[in-house]
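Biologist: I've never looked at this one before. Can you walk me through it?

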Amino acid sequence: MKTTRRRVLEGSAALLAVPLMPAAAAEPAGLTLHYEKPAAEWTDALPVGNGRLGAMVFGGVASERIQINEATLWGGGPHDYVAPDAGKHLAELRRLIFAGQIEAAEQLTAQMMGAPPVLLPYQPFCDLWLTFEDAGETDDYARTLALDDATVAIAYRRGGVRFRRDVFVSYPDKALVVRLTADRRGKHNFSIGLSSPQPEAASEVTADDTLQLQGQIQARENPPGSWIASWNSQGLRYAAVLKVKVDGGSVKRDGARLSVRNADAVTILLGGATGFVTFRDVGADALARAAEFAGAAALKPYNRLKRAHLADFRALFHRVQLQLGPHRPSHKTTDVRIRDFKTADDPELAALYYQFGRYLLISSSRPGGQPANLQGIWNQDLVPAWGSKMTTNINLEMNYWLADSGALWETQETLWNLIGDLQVTGAETARANYGAGGWVLHHNTDLWRATTPVDGAWGMWPMGGVWLANQMWDHYRYSRDDAFLRARAYPAMKGAVRFVLDTLVEAPQGLHFAGRLVTNPSTSPENAYLLNGRRAGLTYAASMDLEMIAALFDAFAEASALLDTDGDLREQVLKAKDRLPPLQIGSRGQLQEWIEDYPETEPEHRHVSHLWALYPGQGISLRGTPELAAAAKRSLELRGDGGTGWAKAWKVALWARLGDGDHAHRLLKGLISDSTLPNMFDVCPPFQIDGNFGGAAAISEMLLQSDDGEIALLPALPGAWSEGRVQGLRARGGVKVDMEWRDRRLTSAMLVSGADHPEEVRNGGKRVKLDLVANTPVRLDANLRPRSRKA
Ligand code: FUC
């Protein structure tokens, strides 16, 4: 590479600003994941991301692998899944279900699936390789992910030289950044390559400091049983452009790679893009986009990139601070702390797990990107587990449970956009499959916004839209953002209401709750019951449907009144609500999952769908509906404390809602010790990110709960967290909450509301009624007595 005057100046400026001497392995702090070895497997590697680009950093000494994803790189192409004849079978399906002929009904669903009846997968993008020249013995190795820097750092001594490598993905500068420094000049000697697991991807050197990789998703036959469709034409184009800047030394082409010689420090910038514009338009110029991102980042000195990255990331991340237990620096590596969490007294690891959830959400879901899928944005497999799709019968929703309470509302922008698209495709499915208005979503979707039933009879679950519409309303309850309600939530809620009203049917004579309005077809996600000795999944009016529909109807009534619109529809909704069957308590004292008290085929089934109204819904609560809460508790006991990672996370939150912090904590131990990988990723198994997000949401539910007009401080504090403090958690009503506690008792709290409104605050048996005034902090003492501002 030609050493231009500009580059020399920029290089020396960087030398002045960043000392060449890399910091020794940082003292492991409360917000750092810390390891003493490079990653041997993908699930040891550490994630970074900006919502569009995700990367897994391995931290090798002889060679570094950084595995990279781009959020819009999926299999297939724009596609309409609607099977035009699916609706013809609806009447017969309903008849069979009401007649108890479930086996025949389940067979019939094969005629009602989407075309094709499985969806398309999220795809890996490319790998960046750094191959280092042998430079002698290595010691003093440390690999860290400092959450509040959103940076993976690798530090070691090799041949007597201290090296350091920092990797982050910048949201403001739209690029992956790798910075290599050393404590001696001229010591960086390595080559740089790009590859991709995608067939026919081509990598080439286009200048002495530039590499690029380009390709197009190829037609593919996927293995049966992979829950992934095959596709028979080329799909999305993708491109990565990489630029290298050296301080001292040189960089030049070396075959298909770039070679860095004798550099003092090196900065590598990578931009990545696909042709994706919308789910119906994939015509963007991927290469031009990638080149623009890398080129623009390369014009900025490293320090500016780093400063912009930190400012951007910290503006979100620092909104919530959490300390559990006394601060005791741990010198164990994070994988050991995870393994030992079950038996060790390590409350700070729970706080780290909480903040890691927030870290992952900021890194995988930012405006302009896609919602976090089953793996967030991190996936190395061509055939990922469950296609790494967006599964909507629990997983996608769970991904966002922590967003509002954890003050990360912007991360939901991608979800609101997805729901906007699903209203378009879901209207077609509602019409074709059900002859209904409004919009419908079943249990899975992908980049192409599938809304049809897929996968099998358990896919005949038309409630995905109802769940998501409820989630939008809940965001309104947290944010009190009227513009959001009017422009985004309300249309989605109204469309979901329309679909439900058009599909509720009267239960026929002779059946339980004859004459009431019920859903049919219906299923309690993925669970099955025994009917005449046979396994059956389909039914009418599964409890979850009734809970979510009742919540949606209430929300719609409130929203339409607030917006002063749709009075007639509101009347209709309230009348329909009165005609829904009630929730029932079964023979074992449990909350009944189905319309009849059927025996279950798998009593410890991972899904706890019928407890939706306890969490994330709020239709069941200890004080509001004590009998149903007791039945929900019985259901939880019968289900047991096992399950997938996400199932445990959900149960932590459910026990928190029941006010049992110690039981919640016992489950959290299981989640962290038994369902968490060395890099702190959740396992389903395999890796699935929902448990990370659900676990974080559940931790905040242990500390703070809120309903309209009521905030509970420390409602489910376990003995293991006898002291701590939290700042910046959010309660419904737009209230920011800080708290401190000691000996498991609240010592002080501070509330700041975004708007004037009354609020009742509760802690244990104590209560206080407050008239909150916008932006005026209210400090409460241990007895919830407001303290004067001066005190
Ligand atoms: C649902 C769950 C599985 C898994 C899959 C992605 O089907 O029942 O456990 O999480 O989604």
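Modeller: Buried means under 20% relative accessible area, exposed over 50%, partly exposed in between (1.4 Å probe, protein chains only). It's a predicted model, where local features need pLDDT of at least 70, side-chain atom pairs count only at pLDDT 80 or more, and totals for chains, interfaces and linings use all residues. Residues are numbered from 1 along each chain as its sequence is written, and side-chain values use heavy atoms, without hydrogens or water.

Biologist: OK, how many residues has the largest nonpolar core?

Modeller: 239, and Leu128, Leu176, Ile192 and Met739 have the most contacts inside it. There's also a second, separate core of 8 residues, with Phe168 and Leu305 among them.

Biologist: What does Ile192 touch?

Modeller: Leaving out residues up to four places away in sequence, its contacts (heavy atoms within 4.5 Å) include Trp129, Leu211, Val244 and Arg257.

Biologist: Switching topic: is strand β30 mostly covered or open?

Modeller: Covered: 7 of the 9 residues in β30 (745–753) are buried. Strands here are DSSP runs of E, at least two residues, numbered from the N terminus.

Biologist: Which strands does β30 pair with?

Modeller: β29 (735–742), antiparallel over 8 bridges, and β33 (778–781), antiparallel over 4 bridges. Pairing takes at least two DSSP bridges.

Biologist: Which residues face each other there?

Modeller: Val735 is opposite Ser753 of β30, while Ser748 has Asp781 of β33 as its bridge partner.

Biologist: And what's in the turn of the β29 and β30 hairpin?

Modeller: There are 2 residues between the strands, and Asp743 has a positive phi near 45°.

Conventions:
A nonpolar core is a set of buried Ala, Val, Leu, Ile, Met, Phe, Trp, Tyr and Cys residues joined through side-chain atoms within 4.5 Å.
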